[in-house]
Amino acid sequence: MAESLWKRLASIPLEVDGYELQRLEQPVTRGFTRVSTVVRLQGGGLDGLGEDITWYTEHHDREQAAGAVLPLQGSWTLESFSDALELPDAWRRWAYESAALDLALRQAGTSLAETLGREPRPVAFVISPGLGDPPTSTVVRRWLELDPGHRFKLDPATGWSDELIAELAATGAVVTADYKAYYAAEDAPPPDSDLYRRVAEGFPEAYLEDPALTEETDAVLLPYRDRVTWDAPIHSVADVEGLAFAPKVLNSKPSRFGRLQELLAFYAYCEASGIALYGGGMFELGPGRGQIQYLASLFHPDGPNDVAPRAYNDPEPRAGLPSSPLDPTPEATGFRWREAGANL
């Protein structure tokens with residue numbers, strides 16, 4: 001599948017006259033303000049959109065201050081455009097590659113789904129709120145009062161008591177527990193093997209994402225390996241092959257791959273290897289959110305995708321938001337998805 005999918009896209013012509021950068025900024029859940037940069041490629045009277053979701057605000061300040069300085073003008077194919085990009089940072093590269101994909105498909109008068117020969121399907125999604133400090137089950141219960149069908153991806157922390165785990169487990173709504181081991185500073189304390197055990201036992205059907213594997217945690221998680229999944233370490237097929245043990249399931253974040261070709265190779269490898277997938281996001285504020293929903297609809301619509309409509313990232317729960325699963329809403333051309341709830 002990898003070769004056939006990439007071959008369907010690689011030779012599509014792309015005309016670029018120039019590009020612009022747009023700043024997006026919004027307070028989101030977990031008590032911080034998210035900043036991202038929309039890349040708008042222009043060519044032939046059309047435009048193509050991508051979103052740089054690099055985590056650090058200072059990156060966006062620097063890039064936006066520099067402006068449109070990359071030499072992108074010219075006649076390309078998607079493959080030659082990708083080869084010419086001198087952007088080692090995967091998140092930034094993905095913004096330009098996704099914008100190029102959108103523009104090339106729009107110039108060709110076709111859509112991503114049509115070009116790949118895959119039918120968009122309804123997208124299941126979860127909510128991933130923070131639980132506050134100190135952590136409580138309040139926000140989960142508030143969301144469930146609004147819609148008992150909600151499901152959750154949560155980030156266990158040392159402050160999680162047995163009582164809190166029991167409260168959350170009693171809802172039957174926690175489907176993924178993210179240990180977030182790869183986000184800790186180098187001088188952080190060692191992973192809490194007792195927390196790993198209590199979470200794995202307390203949520204007997206939930207995926208266990210991104211644990212740090214030490215002698216102690218590996219022993220704790222050994223009985224649960226079928227539920228262990230990875231996100232932050234996965235940027236390529238080589239990363240999958242280099243894991244300590246073969247996974248049954250993985251989290252797919254397209255922006256971590258940077259190159260569209262590498263992402264398609266990953267999809268193919270997982271399909272051939274029988275590895276289930278679910279998608280994840282990075283608090284996208286613009287077109288990037290719809291694009292990861294689009295990819296989820298084509299490659300892993302039924303997983304516990306952490307790709308809820310943007311309104312779910314607002315600081316407080318509220319009624320009237322779209323429920324899971326999301327109906328497919330691809331636009332007629334390009335790499336565009338009419339995101340449900342984007343204007344709520």
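Guide: Helices (H or I, at least four residues) and strands (E, at least two) are DSSP runs, numbered from the N terminus. This is a predicted model, in which local features need pLDDT of at least 70, side-chain atom pairs count only at pLDDT 80 or more, and totals for chains, interfaces and linings use all residues. Residues are numbered from 1 along each chain as its sequence is written, and side-chain values use heavy atoms, with hydrogens and water left out.

Visitor: Where is Arg121 found, and between which helices?

Guide: Arg121 is partly exposed, with a relative accessible area of 39%, where buried means under 20%, exposed over 50% and partly exposed in between (1.4 Å probe, protein chains only). Arg121 sits in the loop between helix H5 (112–116) and helix H6 (138–146).

Visitor: With the side chain of which residue does the side chain of Arg121 make a polar contact?

Guide: Not counting residues up to four places away in sequence, Arg121 touches Ser297, Pro301, Asp302 and Pro328, contact meaning heavy atoms within 4.5 Å. A polar contact is a pair of N or O atoms within 3.5 Å; within protein, one must be able to donate a hydrogen and the other to accept it, and residues adjacent in sequence count only if both atoms are side-chain atoms. The side-chain partner, at 2.7 Å, is Asp302.

Visitor: How many Å apart are the end C-alpha atoms of helix H12?

Guide: The expected span of a helix is 1.5 Å times one less than its number of residues. Helix H12 (residues 260–273) has 14 residues and should therefore span 20 Å, and its end C-alpha atoms agree with this, being apart by 20 Å.
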